[in-house]
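The exercises below ask you to read a structure step by step, and each task is followed by a worked solution. Please have the sequence and the 3D view open as you go.

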Amino acid sequence: MDGDFVIGGVFSIHYEMHIVNNDYTTKPEPSRCGGTFIGRELRFSRAMMFAIEEINNSTELLPGIKLGYQIFDSCASVPVAVHIAFQLSNGQDAVFYKGSACSNTGVVLAAVGDSASTPSISISRIIGPFNMPMVSYFSTCTCLSGKQQHPTFFRTIPSDQFQADALVKLVKHFGWTWIGAVRSDSDYGNYGMGSFLEVAQREGICVEYSVSFSWADPQSKIRGVADIIRRSTALAVVAFTASAEMKVLLEELSREPSPPRQWIGSEAWITDPHFLRFTFCAGAIGVGIQQSVIPGLRDFLLDLSPTEVAASSVLSEFWEDAFKCTLTKRAEPDKKLCDGTEDIKSLKNPYTDTSQLRITNLVYKAVYAIAHAIHKVVCEETNLSTQCDKHFRFESKQVLSQLKKVNFSRNGYPVSFDANGDPVGFYELVNWQKHESGVIDLVTVGYYDASLPKGQELHINRNITWVEGGTQVPVSVCSKICPEGTHKVLQKGKPICCFDCIPCPEGEISNVTGSLNCVLCSRDLWPNIERDACSPKPIEFLSFDEVLSTILAAFSVFGACLAVITGIIFFHHRTTPIVRANNSELSFLLLFSLTLCFLCSLTFIGAPSEWSCMLRHTAFGITFVLCISCVLGKTLVVLMAFKATLPGSNVMKWFGPPQQRMTVVLLTFIQILICTVWLILSPPFPMKNLTTYKEKIILECALGSAVGFWAVLGYIGLLAVFCFVLAVLARKLPDHFNEAKMITFSMLIFCAVWITFIPAYFSSPGKFTVAVEIFAILASSFGLILCIFAPKCFIIIFQPEKNTKKYLMNKSQM
């Protein structure tokens with residue numbers, strides 16, 4: 001249609017171009033489109049006509065100006081698109097005047113189109129140097145946002161970068177980390193999927209396979225792509241494809257039963273009503289252009305008179321394809337002749353379907369954007385508001401300049417462009433929901449708004465139906481998320497989404513699912529059985545509640561009672577020869593020290609405290625030295641007594657009772673001095689042993705100064721060895737009751753116990769170290785009391801006839 005100013009329109013009404021083999025002997029025929037007729041693209045082109053008709057009838061936008069249009073069919077083909085680009089740049093019937101500039105007759109100021117990204121790239125590169133703006137309604141390739149290569153390109157549909165972000169957020173929102181990816185082998189599919197995979201990788205989403213194909217590929221390749229989808233383990237499949245590729249893929253998948261797949265679709269096909277017949281795709285979800293309403297458009301689309309149809313080859317083809325008849329007089333064998341009774345209002349096909357105007361509204365907005373830019377140049381810059389000057393001469397670069405600034409709303413839908421010529425990224429989330437009747441409907445379940453703050457872009461406000469009619473979100477993961485208490489270990493040679501869940505190492509936990517690493521518990525904490533939380537380590541010490549402690553305490557009390565009972569027996573028979581002959585004063589002191597030895601073992605039981613740690617070691621050291629000192633005194637008395645029987649010997653006057661007491665006090669004082677120095681310089685103290693066992697805390701007494709501890713033990717051992725040597729020397733002295741023999745046995749037991757104690761002390765873990773120490777104390781104490789006092793008590797109680805001086809002095813009865 002002619003007009004004062006002309007807008008170009010490029011639509012892919014056909015998907016094929018007739019290929020002519022040129023023989024270079026005749027003039028080549030013009031390129032012609034053929035093949036599949038796309039009713040939806042015809043609707044797009046008619047929407048452009050409708051918009052221009054509205055603008056021409058408007059009194060506010062371009063008053064007094066009549067817009068014309070030149071609409072081309074690109075056949076979705078680059079060669080045809082290149083040819084159209086030159087036609088747009090040169091004009092159809094340019095008239096040159098000598099000495100003057102070109103007129104505006106037939107010159108295209110701006111263009112709307114194309115649908116596919118690849119033809120749009122070709123057109124944009126050609127018309128760009130001529131500063132001719134081009135506003136696309138369906139070309140989404142991210143590459144078109146580059147202003148260096150495409151300085152005059154604009155679009156009313158968001159860039160695929162927005163769509164890729166939306167799809168990634170959708171996939172991540174539902175937890176699909178293991179997906180398949182199919183794409184069109186075109187700029188739309190390759191650039192779009194490239195953006196998607198780049199963002200998906202950053203979000204931790206793994207791709208099992210990524211394949212590309214074209215609708216023109218051999219059937220064997222399409223079948224191969226379908227087989228990859230069938231054999232894959234990924235349930236979710238992201239399809240970044242154009243309608244033509246998706247059509248051939250779904251047709252191939254429908255030939256053989258395929259495992260259920262959760263389809264995630266790009267806007268190019270997810271809202272195409274033609275695909276709703278593929279029921280195995282029920283539950284598909286994807287991003288679609290916002291639904292819209294264009295008042296009056298449906299009536300315009302249906303207002304096709306037979307004369308108008310017959311005058312247009314495109315409309316004639318549409319008419320014949322829709323009603324399966326022919327308008328020519330010579331009817332084809334499989335078609336009847338159109339008789340004029342065809343009713344377009346009852347026709348249901350993509351051309352007449354205005355229930356969900358999505359891309360159509362983008363065409364509508366593109367035309368209005370160009371009209372607003374022309375209005376700014378022709379009307380506002382010339383200060384003409386009621387009637388614009390249709391003779392005003394201007395260049396397309398002025399339209400380009402104003403197009404960058406447009407900002408208006410039409411039918412409630414805003415139109416503006418950013419610095420890259422892109423609109424705000426806004427999508428509806430659409431879901432294929434299957435009804436009980438088997439019919440699949442497109443249902444809007446939410447939206448994605450890139451203008452919202454990060455993390456708030458995605459909103460879902462309706463229930464979603466999933467693959468196979470499920471209501472639960474399907475799971476598409478290579479490996480199930482690791483539960484708490486485990487961590488991920490990547491499988492060799494596989495993506496990061498494929499991993500094994502390994503229990504946390506000893507001493508470590510993970511309290512979140514999907515943990516990459518386990519966390520080490522602090523020193524005083526230990527993992528629970530599930531290894532998902534750190535609990536306080538159990539504190540171990542030899543408590544009175546334990547059976548072992550009860551047994552040891554019982555023996556300790558029993559030993560003390562035995563020593564007291566022995567003392568009572570000796571006190572009751574203190575005048576008898578056997579008690580008097582064995583130095584009763586040292587015997588009572590020895591029994592007293594043995595009672596303390598038995599009782600001091602009780603200080604080792606219970607939770608260590610600052611006082612108990614100091615008491616248990618010092619009490620043990622002092623009482624045992626007192627005990628050994630008494631035994632040593634008794635040994636010296638026996639040895640000296642027999643030496644005194646020799647003629648002229650007066651040794652006993654040097655080892656009488658005062659000297660014996662002084663010996664015991666002196667030897668014991670030395671131990672008291674050692675203990676005092678130990679307590680002053682570095683006393684024992686309670687500590688938590690965290691090294692012996694990892695899983696529990698041993699509450700024990702640290703030695704403070706190891707030198708002090710071994711000095712105490714060493715001094716006891718020195719006295720014991722000295723006493724043992726003296727007892728051995730006196731063991732063969734004559735008499736019925738030679739106490740040196742008993743002392744020898746007691747010291748032998750004492751030394752054997754404490755020599756055994758040393759390795760046992762170091763090898764016993766935890767509370768058993770204390771138990772070994774108590775056992776050594778009790779064993780050596782029982783050894784002393786049984787070896788020294790048991791034979792005497794036996795004679796006193798059961799053989800009183802032997803408790804006489806005559807019997808003791810009778811050497812012949814030895």
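**Exercise 1.** Find which strands helix α12 lies across, and state the angle of the helix to β5.

*Solution.* The model is predicted, so local features need pLDDT of at least 70 and side-chain atom pairs count only at pLDDT 80 or more, while totals for chains, interfaces and linings use all residues. Residues are numbered from 1 along each chain as its sequence is written, and side-chain values use heavy atoms, with hydrogens and water left out.

**Exercise 2.** Give the strand order of the open sheet of 5 strands, and name its edge strands.

*Solution.* The order is β4-β1-β5-β6-β7 with parallel pairing, two strands being paired if DSSP finds at least two bridges between them. At the edges stand β4 (67–73) and β7 (153–155), each of which pairs on one side only. From one strand to the next the twist averages 25 degrees. Helix α1 (residues 39–56) also packs on this sheet, where it touches β1, β4 and β5 (108–112).

**Exercise 3.** Which residues of helix α13 are buried, and against what do they pack?

*Solution.* In helix α13 (residues 396–403), the buried residues are Ser396, Val399, Leu400, Gln402 and Leu403; buried means under 20% relative accessible area, exposed over 50%, and partly exposed in between (1.4 Å probe, protein chains only). These buried residues pack against β5, β6, β7 and α12.

**Exercise 4.** Locate the partners of the salt bridge between Asp422 and Arg155, and decide whether they are buried or exposed.

*Solution.* A salt bridge is a side-chain nitrogen of Lys or Arg within 4 Å of a carboxyl oxygen of Asp or Glu, and in this pair the closest N and O atoms are 2.6 Å apart. Asp422 sits in the loop between β16 (413–416) and β17 (426–434), whereas Arg155 belongs to strand β7, so that the pair links parts of the chain 267 residues apart. Both residues are buried.

Note on methods
Helix = DSSP H or I, 4+ residues; strand = E, 2+ residues; numbered from the N terminus. Axes fitted to C-alpha atoms, helices over the stretch in contact; angles between N-to-C directions. Contact = heavy atoms within 4.5 Å.
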